[in-house]
Amino acid sequence: MTDDVVRRINSFLAGFARRRAERTVELPGGFAVFDDRFAGSWSNNQVFVDRADADPAALPGLVDEVMGDRPFRVVSVLDGEFGEACVETFARAGYRHSTYLVMLHTGRVPAADDGRTVEEVDLEALRPPLAASWRTALPQADEEVVRLLVDRRVATRRGAEHVQFLGARAANGEVAAWTDLYLEPAAGTAQIEDLMTAEDHRRQGHADAVLAAALHRAADAGCGTRFLIAESDDWPRTWYARRGFEVVAHSHGFERT
C-alpha cells in the first residue's frame, strides 16, 4: 500500500512540475523544466529525475548540457533509493545535497478552522507578507529578486487541476499565515506546500488554522492521499508529525552555483 501511495505522490510531483513549466526538455530518466519569465528562479528552472533507469554517473553531464549558461544547477530526484545512488556522483561534481521527507497525512481530518477565518487569497494579498519573508530569508537579495520570488507564484496556478492560496488573517486584516493547496480530485491526491506564518503573527495559532482548512478542503475534494514535503533536518518535520503526518518516503535535492 505504501509503495502505491509513494508512486502516486511521485507521479503527482512530476506532473505538477511539467504543467507549471513554460517548456520542458526530455532527458534519460527524467526531464528539465524552464520558465524564462523567471529565469533566476531555481524551482522554475531545474532538472527532475522521476525514473530510476538513468545512469547516475551520466547525470551531472546531462544537467550541464541542458541547463546551458544558467549560473546555477538544481536537480530533484524523486525516488529515494535512486537518489542515494546519486549522492557520491553529484558530490564529486561539486553539488550540495539535501534530503527531503515525503509526509503523508494519516491522522484525523480536523475541523476546517478553530473559529478563525481561513479563505482563498490572491497574490496581491499575499505579496506583503511573502516579500517580507523573503527579505528575512535572503537579506542580501535586492528588491528585483524579491519581486521575482513573489511573482513566480503565477506559474504555480498551472500546476494542478485546482490550486488554492489559503490565508488566515490577523485582527488588523493582514494575512498572518498562508499555504498553497494543490488538488487533483481525479487522482485522489492533494499537496500542501509552503505553509508559513508572518514573523509578527507567530505562536498565535494561525498556521494550525490554515493547515486544518487545507486538510479539510482536500478531504472534501475526495483526495485521500494528502501529503507535504519537509526538509529532513529542519524543525517543521516534528510539528507536522504532531499533526498527523507520517514519513513514507524520501527524495533528494542537489544544487550547485
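Reader: Before I look at the fold, what counts as a helix or a strand here?

Author: Helices, of at least four residues, and strands, of at least two, are DSSP runs numbered from the N terminus. Read in that way, this predicted model has a chain with 8 helices and 11 strands. The radius of gyration of the chain is 18 Å, close to the 18 Å that the globule rule gives for 257 residues, so the chain is as compact as a globular protein of that length.

Reader: What does the C-alpha trace span along its principal axes, and what share of the residues count as buried?

Author: The C-alpha trace spans about 55 × 45 × 30 Å along those axes. A residue is called buried when its relative accessible area is under 20%, and 50% of the 257 residues of the chain count as buried. As for the accessible surface, the chain comes to about 12,200 Å², and 49% of that belongs to carbon and sulfur atoms.

Reader: How should I read the contacts between residues at least 6 apart in sequence, and what percentage of them join residues at least 24 apart?

Author: A contact means heavy atoms within 4.5 Å. Among the contacts in this chain between residues at least 6 apart in sequence, 68% join residues at least 24 apart.

Reader: How many cavities of 30 Å³ or more does the count give, and which residues line the largest cavity?

Author: A cavity is a place where a 1.4 Å probe fits but cannot get out. The count here comes to 1 cavity of 30 Å³ or more, and the largest cavity has a volume of about 40 Å³. Its lining is made up of L27, P28, G29, G30, F31, V47, F48, V49, L59, L62 and V63, with at least two residues supplied by each of strand 2 (30-34), strand 3 (46-49) and helix 2 (59-67). By class, that lining divides into 9 nonpolar residues, 2 polar and no charged.

Reader: And what is the volume of the second largest pocket, and which element gives the most to its lining?

Author: A pocket, in contrast to a cavity, is an open set of points. The second largest pocket has a volume of about 290 Å³, and of the 16 residues that line this pocket, V6, R7, N10, L78 and D79 are the closest to its centre. Two elements give two or more residues to the lining, namely helix 1 (2-20) and strand 11 (245-256), and helix 1 gives the most, with 7 residues. The lining of this pocket holds 6 nonpolar, 5 polar and 5 charged residues.

Reader: Where is G107 placed, and what distance separates the C-alpha atoms of G107 and E144?

Author: G107 is in the loop between strand 5 (96-105) and strand 6 (118-120), and its relative accessible area of 28% makes G107 partly exposed. The C-alpha atoms of G107 and E144 are separated by 41 Å, with the two residues 37 apart along the chain.

Terms used: Residues numbered from 1 in each chain as written. Predicted model: local features only at pLDDT ≥ 70, side-chain atom pairs only at ≥ 80, totals over all residues. Heavy atoms only, no water. 1 Å grid on protein atoms, 1.4 Å probe; cavity = no way out; pocket = protein on both sides within 12 Å on 5 of 7 lines; lining within 4 Å. Points joined across faces, edges and corners; volume = space filled by probe spheres on them. Nonpolar A, V, L, I, M, F, W, Y, C, P; charged D, E, K, R; others polar. Rg over C-alpha atoms; globule rule 2.2 N^0.38 Å. Buried < 20%, exposed > 50% of the residue type's maximum accessible area, 1.4 Å probe, protein only. Areas by Shrake-Rupley, 256 points an atom, 1.4 Å probe, with all protein chains shown as cover.
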